[in-house]
Amino acid sequence: MRVFLAVDMEGVTGVVHPDQLTPDGRNYSQAQKYLVADVNAVINGILDVYPEAEITVGDGHATMRNVLLEELHPAAQLVIGAATLSNKPLCQLEGVQFGADAAMCIGYHTKAGTQGGLLAHTYIGSLIAELRMNGQAVGEVQTNAAVLSSLNVPLVLVSGNSDLESEVRAWTSSTAFVATKRTLGPTAAICKTPERTARELREAASKAMISRETWYLHDIGSTRFEVDTKQPEQCERACSHPQVIAVSSSTFAVEADNAADAFRQLWSVCLTALGDLPFWLR
Ligand SMILES: [Zn+2]
């Protein structure tokens, strides 16, 4: 059994504020400990069912150097490094293409524009006002589910902020969900302690691994991604990319036969749209 864990940080135990999310933030190192504890709990849950499982953890937040390697469960290996084009064209999912039987999204958040959503955004907060996949506004989890499915990997568990549950339930009933905290607003939540979330994450991961009859591919076939940019100059830069379809002065699109190929194009165009790359993409 091979399992890929796509790991973000905004939906991890105890994380409610941008200060906890970047290396220069005041509570970042504490949040790193919460992060690796959530990930280890999920790994333990997988190993409870498949003691020989091969587990790859994809560090998928910002610099993608957040998970503490020395504290990671020794049964897992870790994908470390920024999502530049030459490194990680699949962004948070880079590494999954080397083989996985199931995937989980750990520590996630709601999509850009979610009313009252805790640390809500879609991939690049400064760029993406809304991302649509075949016409429907989507967040990172749904996008990842489609990309994973086009690579034949079912998404079997999602963990994150409580406001994410309804976003996930809007498109799937087969993927399990664990809330690490109850969202109050953009930077506040009622948080469960690490001990409690570790127990819940371990149990949910075990249950998801046992319930193979519920695993489901959210394959959407031909895929068109459309991005509403926050600033018109971002769209202008995007439209200089050879693979882009200009839709309006603030919206661009990419298309491909499957979600993974469309996503690789999307990520490439988004990096072009940014112009000067932020520190976490260098
Ligand atoms: Zn994210």
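Biologist: Is Gln-32 buried, exposed or partly exposed?

Modeller: Gln-32 is partly exposed, because 19 other C-beta atoms lie within 10 Å; a residue is called buried if 20 or more other C-beta atoms lie within 10 Å of its own, exposed if 12 or fewer, and partly exposed in between, with C-beta atoms placed from the backbone. Bear in mind that this is a predicted model, in which local features need pLDDT of at least 70 and side-chain atom pairs count only at pLDDT 80 or more, while totals for chains, interfaces and linings use all residues. Residues are numbered from 1 along each chain as its sequence is written.

Biologist: Where does Gln-32 lie, and what does Gln-32 touch?

Modeller: Gln-32 lies in helix α1, where helices (H or I, at least four residues) and strands (E, at least two) are DSSP runs numbered from the N terminus. Leaving aside residues up to four places away in sequence, Gln-32 touches Asn-66 and Leu-68, a contact being two residues whose C-beta atoms, placed from the backbone, lie within 7 Å.

Biologist: And how many Å separate the C-alpha atoms of Gln-32 and Val-147?

Modeller: They are separated by 27 Å, with the two residues 115 residues apart along the chain.

Biologist: Val-147 came up, so which residues make the contact between α2 and α6?

Modeller: The axes of helix α2 (residues 140-150) and α6 come within 7 Å and cross at roughly 125 degrees; axes here are lines fitted to C-alpha atoms, for helices over the stretch in contact, and angles run from 0 to 180 degrees between N-to-C directions. From α2 the contact involves Thr-143, Ala-146, Val-147, Ser-149 and Ser-150, and from α6 it involves Ala-259, Ala-260 and Phe-263. By class, that contact has five nonpolar, three polar and no charged residues, counting Ala, Val, Leu, Ile, Met, Phe, Trp, Tyr, Cys and Pro as nonpolar, Asp, Glu, Lys and Arg as charged, and the others, Gly among them, as polar.

Biologist: What do you call α2 and α6, relative to each other?

Modeller: They are therefore oblique to each other, since angles under 35 degrees count as roughly parallel, over 145 as roughly antiparallel, 65 to 115 as roughly perpendicular and the rest as oblique.

Biologist: OK, sheets now. What is the strand order in the open sheet of seven strands?

Modeller: The order is β3-β2-β1-β4-β7-β8-β9, with mixed pairing, and two strands are said to pair if DSSP finds at least two bridges between them. The edges are β3 (76-79) and β9 (188-191), each of which pairs on one side only. Strand β2 (residues 54-59) pairs with β3 in the parallel sense over four bridges, and Gly-58 stands opposite Val-79 in β3.

Biologist: Which helices lie across strands of that sheet?

Modeller: Helix α2 lies across β1 (2-7), β4 and β7, running at about 165 degrees to β4, whereas α4 lies across β4, β7 and β8, running at about 145 degrees to β8.

Biologist: Which residues of α4 are buried, and what covers them?

Modeller: The buried set is Thr-197, Ala-198, Leu-201, Arg-202, Ala-204, Ala-205, Ala-208 and Met-209, and what covers these residues includes α1 (28-49), β4 (102-108), β7 (155-161) and β8 (176-185).

Biologist: And the sheet of five strands, what order does that take?

Modeller: That open sheet runs β6-β5-β10-β12-β11 with antiparallel pairing, and its edge strands, β6 (136-137) and β11 (245-246), each pair on one side only. Helix α6 (residues 259-274) packs on this sheet, touching β10 and β12 (251-256), and its direction makes about 150 degrees with that of β12. Strands β5 (residues 128-133) and β10 (residues 223-229) pair in the antiparallel sense over five bridges, and the bridge partner of Met-133 in β10 is Phe-225.

Biologist: What do the buried residues of α6 pack against?

Modeller: They pack against α2, β10, α5 (232-238) and β12, and Phe-263, Leu-266 and Trp-267 are among them. Just after α6, Gly-275 takes a positive phi of about 70 degrees.

Biologist: Which residues other than glycine have a positive phi?

Modeller: Among them are Ala-62, with phi near 50 degrees, and Leu-119, with phi of about 50 degrees. Ala-62 lies in the loop between β2 and β3, and Leu-119 in the loop between β4 and β5. Ala-62 is partly exposed, with 19 other C-beta atoms within 10 Å, whereas Leu-119 is buried, with 25.
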